Amino acid sequence: MTDHSGVSFPGMANADTDPAGRPSSARIYDALLGGNHNFAADREAAQHLLAAIPGAGEMARANRAFLNRAVQFLLDRGVHQFLDIGSGIPTVGNVHEIAQRRIPDARVVYVDIDPVAVAHSNDILKDNPWAVAVQADMRFPEAILDHPGVRRLLDLGEPVGLLLVAMLHFVPDDDAYPAVERLRAALPPGSYIVISHGVSDTPSDAALDKVTALYRRTDVSTAHGRDRESILRFFGDADLVPPGLVWVHEWPDPADGDPHGMAVVAAVGRITPPS
Ligand SMILES: C[S@@+](CC[C@H](N)C(=O)[O-])C[C@H]1O[C@@H](n2cnc3c(N)ncnc32)[C@H](O)[C@@H]1O
């Protein structure tokens, strides 16, 4: 199978079984970032997204930059293993590249629901003994925690960086809150939870309605921003590190001026021992 540029890449055969060329959230995001692991249907969806939210490409890039800063922050605090759920199609600044540049045997497990994202990740990781990608749905955290790849690479007795970056807005409340709670509970004190998330109080309701309608036609079926209070609930008892929940481009350093229609916020929390 080939993409639009005639380049073949792993996972495309699976992706083609997707009925009627349904777009996927992973490949729409790849298109927004200027990647080429996407089909015509994904690029068309990305164009509709940009029409509804003109800053969507900029937000995607700001989100990747946040991911980089958050991983560096965790490395500075001695976290050498990462569980990156909703990791997406590999692109510039993947977690294993950031982490293993500093700690060559840092462990990274990528998890995504999208077969193209997982196949392509495993292709670039084939010579990397300390990183793997697994195809799983975060709504079933037990399957993730019991996965042989997770058990082989991650020591859940040592701090882990749990990354849920730009993905929880694709998961409905009834699934998302219990799943994140289960994942948090599996991690020892000193672990961190890193979240970025679309917010519901910006931009306009009309734009959000268009985005929701657009994602209804994709693999994830839903996309909805949450308000800040609802996003903070994902951290449970974890201690938010300063500056708390802020615009994604402002973590950890406040930026001056207008957020320019930014619709993604981010925070990092440290899991503390039960009191
Ligand atoms: C916008 S991308 C974010 C990629 C990456 N985390 C980043 O921030 O650059 C969202 C990713 O979440 C994945 N995803 C959505 N729902 C999921 C679920 N229930 N379980 C696992 N992955 C999911 C999508 O396939 C997609 O790759």
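Predicted model: local features only at pLDDT ≥ 70, side-chain atom pairs only at ≥ 80, totals over all residues.
Colleague: How many residues surround the ligand?
Modeller: A residue is near a molecule if one of its heavy atoms lies within 4 Å of it. The closest are Tyr29, Asn63, Arg64, Gly86 and Asp112.

Colleague: Which residue has a polar side-chain atom 2.6 Å from an oxygen atom of the ligand?
Modeller: A polar contact is a pair of N or O atoms within 3.5 Å; within protein, one must be able to donate a hydrogen and the other to accept it, and residues adjacent in sequence count only if both atoms are side-chain atoms. An N or O atom in the side chain of Arg64 is 2.8 Å from a ligand oxygen. The distance of 2.6 Å belongs to the side chain of Asp112.

Colleague: How much of the ligand does the protein bury?
Modeller: A nitrogen atom of the ligand lies 2.8 Å from a polar backbone atom of Met138. Taken alone, the ligand exposes 600 Å² (Shrake-Rupley method, 1.4 Å probe; for residues, only the protein chains shown count as cover). Of that area, the protein buries 98%.

Colleague: Which element gives the most residues to the shell around the ligand?
Modeller: Helices (H or I, at least four residues) and strands (E, at least two) are DSSP runs, numbered from the N terminus. Helix H2 (25–32) and helix H4 (56–76) are the elements that give two or more residues to this shell. With three residues, the top contributor is H2.

Colleague: How many residues of the ligand shell are charged?
Modeller: Ala, Val, Leu, Ile, Met, Phe, Trp, Tyr, Cys and Pro count as nonpolar, Asp, Glu, Lys and Arg as charged, and the others, Gly among them, as polar. The shell has 10 nonpolar and five polar residues. Its charged residues number four.

Colleague: Where does the ligand sit?
Modeller: On a 1 Å grid over the protein atoms alone, a pocket is an open set with protein on both sides within 12 Å along at least five of seven lines, while a cavity is a set of points where a 1.4 Å probe fits but cannot get out; lining residues have an atom within 4 Å of a point. A molecule sits in one if more than half of its atoms lie within 2 Å of its grid points. The space taken by the ligand is the largest pocket.

Colleague: What is the volume of the largest pocket?
Modeller: The lining has 50 residues, with Ala166, Met167, His169, Phe170 and Tyr215 nearest the centre. H4 gives the most to that lining, with six residues. Grid points are joined across faces, edges and corners, and a volume is the space filled by probe spheres set on the points. For the largest pocket, the volume is about 960 Å³.

Colleague: How much space lies in the largest cavity?
Modeller: The count comes to one cavity of 30 Å³ or more. Its lining has 13 residues, among them Ser87, Gly88 and Pro90. The space inside is about 70 Å³.

Colleague: Which residue other than glycine has a positive phi near 55°?
Modeller: The residue lies in the loop between strand E4 (161–165) and helix H9 (173–186). The residue with that phi is Ala166.

Colleague: Which residue does a cis peptide bond join to Pro242?
Modeller: Omega for this bond is about 10°.

Terms used: Residues numbered from 1 in each chain as written. Heavy atoms only, no water.
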